[in-house]
Amino acid sequence: MAAAVAGVGAVLALADISSPLRGPLTLFFLLAAPGAAIGSALRGLDPWGRWISAVAGAVALDLLVAEAMLATHRWSVTGGVVTIAVISVVGLLAPMVPARRLLGRAPGRRDS
């Protein structure tokens, strides 16, 4: 349900649809998407600590993206939503890739 609400928020922002729900749903997307990506990477924490870390990380990531866009004079709502979406998708997919593949090592080989 939360993914559907976040998706509607992203679509409303990207399509520039004038709606009273555009602001709150876009804000929900900007918090939920990176929060889900960070939360998926923190599987070892207890649920409460994972939730707090995911929300704090999502806010920090949103602020970092906004600051970088403002510093480079490339600020736009559409650009911010797309950037957060791309970072979130990469963050969600990253834990699925085995560490050996990221390091370029074969499964049976040991470096000494």
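Before we start: two residues are in contact when they have heavy atoms within 4.5 Å of each other. Also keep in mind that this is a predicted model.

Q: Which residues does Ser-88 touch, not counting residues up to four places away in sequence?
A: Ser-88 sits in helix 4. Contact here takes heavy atoms within 4.5 Å, and residues up to four places away in sequence are left out. What remains for Ser-88 is Ala-33, Pro-34 and Ala-37.

Q: Is Ser-88 buried or exposed?
A: The cut-off for buried is under 20% relative accessible area. Ser-88 has 4% relative accessibility, so it counts as buried.

Q: What backbone oxygen does the side chain of Ser-88 reach?
A: Ser-88 is a helix 4 residue, and its side chain has a backbone oxygen at 2.7 Å. That oxygen belongs to Ile-84.

Q: What is the fold made of, read along the sequence?
A: The chain has five helices and zero strands. Written out along the sequence, that gives the pattern α-α-α-α-α.

Q: Which residues does Val-81 touch, not counting residues up to four places away in sequence?
A: With residues up to four places away in sequence set aside, Val-81 touches Ala-10, Ala-13, Leu-14, Thr-26, Phe-29 and Leu-30.

Q: Which element gives the largest share of the nonpolar surface patch?
A: The patch covers about 800 Å² and is made by Leu-27, Leu-31, Trp-48, Trp-51, Ile-52, Val-55, Val-59 and Leu-63. The elements giving two or more residues to it are helix 2 (22-41) and helix 3 (47-71). Six residues, the largest share, come from helix 3.

Q: Is Leu-27 buried or exposed?
A: Leu-27 is in helix 2 and is part of the nonpolar patch. Exposed means over 50% relative accessible area. Leu-27 comes in at 51%, so it counts as exposed.

Q: Which residues is Gly-35 in contact with, leaving aside its neighbours within four places in sequence?
A: Gly-35 lies in helix 2 and, with a relative accessible area of 12%, is buried. Its C-alpha atom is separated by 9.6 Å from that of Arg-50, 15 residues apart along the chain. Leaving aside neighbours within four places, the contacts of Gly-35 are Ala-54 and Ala-58.

Q: Which residue forms a salt bridge with Arg-22?
A: A search of the whole structure turns up one salt bridge. Side chains of opposite charge can pair when their charged atoms come close. Arg-22 is partly exposed at 23% relative accessible area, and the closest N and O atoms in its salt bridge are 2.9 Å apart. The partner is Asp-16.

Definitions and conventions
Residues numbered from 1 in each chain as written. Predicted model: local features only at pLDDT ≥ 70, side-chain atom pairs only at ≥ 80, totals over all residues. Heavy atoms only, no water. Patch = residues over 30% accessible without salt bridge, like charges linked within 9 Å, V, L, I, M, F, W, Y side chains within 5 Å. Areas by Shrake-Rupley, 256 points an atom, 1.4 Å probe, with all protein chains shown as cover. Salt bridge = Lys/Arg side-chain N within 4 Å of Asp/Glu carboxyl O. Helix = DSSP H or I, 4+ residues; strand = E, 2+ residues; numbered from the N terminus. Buried < 20%, exposed > 50% of the residue type's maximum accessible area, 1.4 Å probe, protein only. Polar contact = N/O pair within 3.5 Å; in protein donor to acceptor, adjacent residues only side chain to side chain.
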